[in-house]
Amino acid sequence: MASLPMQLLAPYLRLTRKPLSATAERTEARLARRKRAALPPRSLLRKFRVEQRSVAGFSCYSVLPRAEDSSVPGTAVQAVLYLHGGSYISPISAWHWRFIARLAAAGHRVEVPLYGLAPESSHRDASGLLAAVYRNLLEDFDSQNVAFMGDSAGGGLALAFAQQLAEYSLPQPRRLVLLSPWVDVAMENPELAAVEAVDPWLSRAGLRVAARAWASGDPLADPRVSPVNGTMPGLPPTDVFVGTHDLPYPDVLRLESRMRSAGIPVSLHIADGGVHVYPLLPVPEGRAARKKILELLRS
């Protein structure tokens, strides 16, 4: 059963967030608006070393513990390539930066590429950018000291990129950590309707508009945009966090089944009554998930 804070959060999300994707027209209006990414907050700049650079024409941030904080105990994963969510049409937000700060506070270097958003950019622009960022990261870290992580659309993108690594002659990271990943942008699974009715945040009507913009003329079933259809053998151990009141939930179950059939070690962390990207939210389930994620990075 969901915690009381999670239950109280649901009506707020239904009032403030659900309308954003409730209709195709509202999402089309969002596509037409100028997008401004949230800058790293001052608290993050004070506590951590933050470096910004341009990679393949896109802004990329490195968030690192300061030298005086290097006494953090050694970790199995020392670097995290983090991809933010936002339906591929919304920029990084303050919530993402807060989560990134927690990863950095645990001693990890966090690479945050601000990939191009639809409709100006598409999935075809993202893979080259991520390959360049990952190559740069591998100059300082062995691949077995790197994790790929992403939430929502960023989780789908992290998985899709991992499936394309061989095309770039790049090694798999040590681990994938996916938070409510959007792994099938076509959203034709008949089981989605029941979850959509209880999801206080997401609606398929608007998300399909965002999906078509991101696919940019390619089929929505293309593994590069719907990685649930992609190649599973060879992927690293994967942990997926999802709630039962989270629209991607049925497709995440499909992903888990396909990964297990391919022999991939995959662990599913399910929050009963949990909403979309609950590990980023200030609820007991979110705090427990964040603690577990940091444990996974140390293992």
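1. Strand 3 and strand 4 (residues 109–113) run parallel and are joined by three bridges, where two strands pair if DSSP finds at least two bridges between them; helices (H or I, at least four residues) and strands (E, at least two) are DSSP runs, numbered from the N terminus. Five bridges join strand 3 to strand 5 (residues 146–151), and these two strands run parallel as well. Valine 80 takes part on both sides, with valine 110 as its bridge partner in strand 4 and alanine 147 as its bridge partner in strand 5.

2. On provenance, this is a predicted model, in which local features need pLDDT of at least 70 and side-chain atom pairs count only at pLDDT 80 or more, while totals for chains, interfaces and linings use all residues. Residues are numbered from 1 along each chain as its sequence is written, and side-chain values use heavy atoms, with hydrogens and water left out.

3. Strand 3 (residues 79–83) is mostly covered, since five of its five residues are buried; buried means under 20% relative accessible area, exposed over 50%, and partly exposed in between (1.4 Å probe, protein chains only). Ala79, Leu81 and Leu83 point one way from the strand, whereas Val80 and Tyr82 point the other way, and all are buried. Together with helix 4 (residues 94–105) and strand 4, strand 3 makes a right-handed β-α-β unit, a crossover being right-handed if, with the strands pointing away from the viewer, the path from the first strand over the helix to the second runs clockwise.

4. The largest nonpolar core has 97 residues, and those with the most contacts inside it are Tyr82, Leu103, Val110, Phe148, Met149 and Ile293. A nonpolar core is here a set of buried Ala, Val, Leu, Ile, Met, Phe, Trp, Tyr and Cys residues joined through side-chain atoms within 4.5 Å. Which residues surround phenylalanine 148, leaving aside its neighbours within four places in sequence? Phenylalanine 148 is in contact (heavy atoms within 4.5 Å) with Leu81, Tyr134, Ala158, Phe161, Ala162, Leu165, Pro173, Arg175, Leu176 and Val177.

5. The buried residues of helix 5 include His123, Leu129, Leu130, Val133, Tyr134 and Leu137.

6. Serine 180, in the loop between strand 6 (175–179) and helix 7 (192–198), has a positive phi of about 45° although it is not a glycine, and its relative accessible area of 0% makes it buried. Valine 277, in the loop between strand 8 (266–271) and helix 10 (284–298), likewise has a positive phi of about 45° without being a glycine, and it is buried at a relative accessible area of 6%.

7. Valine 183 is placed in the loop between strand 6 and helix 7, and it counts as buried at 0% relative accessibility. Not counting residues up to four places away in sequence, valine 183 touches Leu159, Ser226, Pro227, Val228, Asp251, Val252 and Leu255.

8. Threonine 238 lies in strand 7 (residues 238–243) and is buried, with a relative accessible area of 1%. Its side chain reaches the backbone oxygen of proline 236 at 2.9 Å. Beyond its neighbours within four places in sequence, threonine 238 is in contact with Leu176, Leu178, Met259, Ile264, Pro265, Val266 and Ser267.

9. Is glutamate 256 buried or exposed? Glutamate 256, found in helix 9 (residues 249–261), counts as buried at 17% relative accessibility, and it touches Val266 and Leu268 when residues up to four places away in sequence are not counted.

10. Cysteine 60, in strand 2 (residues 58–65), is buried with a relative accessible area of 0%. Leaving aside neighbours within four places in sequence, cysteine 60 is in contact with Glu51, Gln52, Arg53, Val55, Glu111, Val112, Pro113 and Val133.

Methods: Polar contact = N/O pair within 3.5 Å; in protein donor to acceptor, adjacent residues only side chain to side chain.
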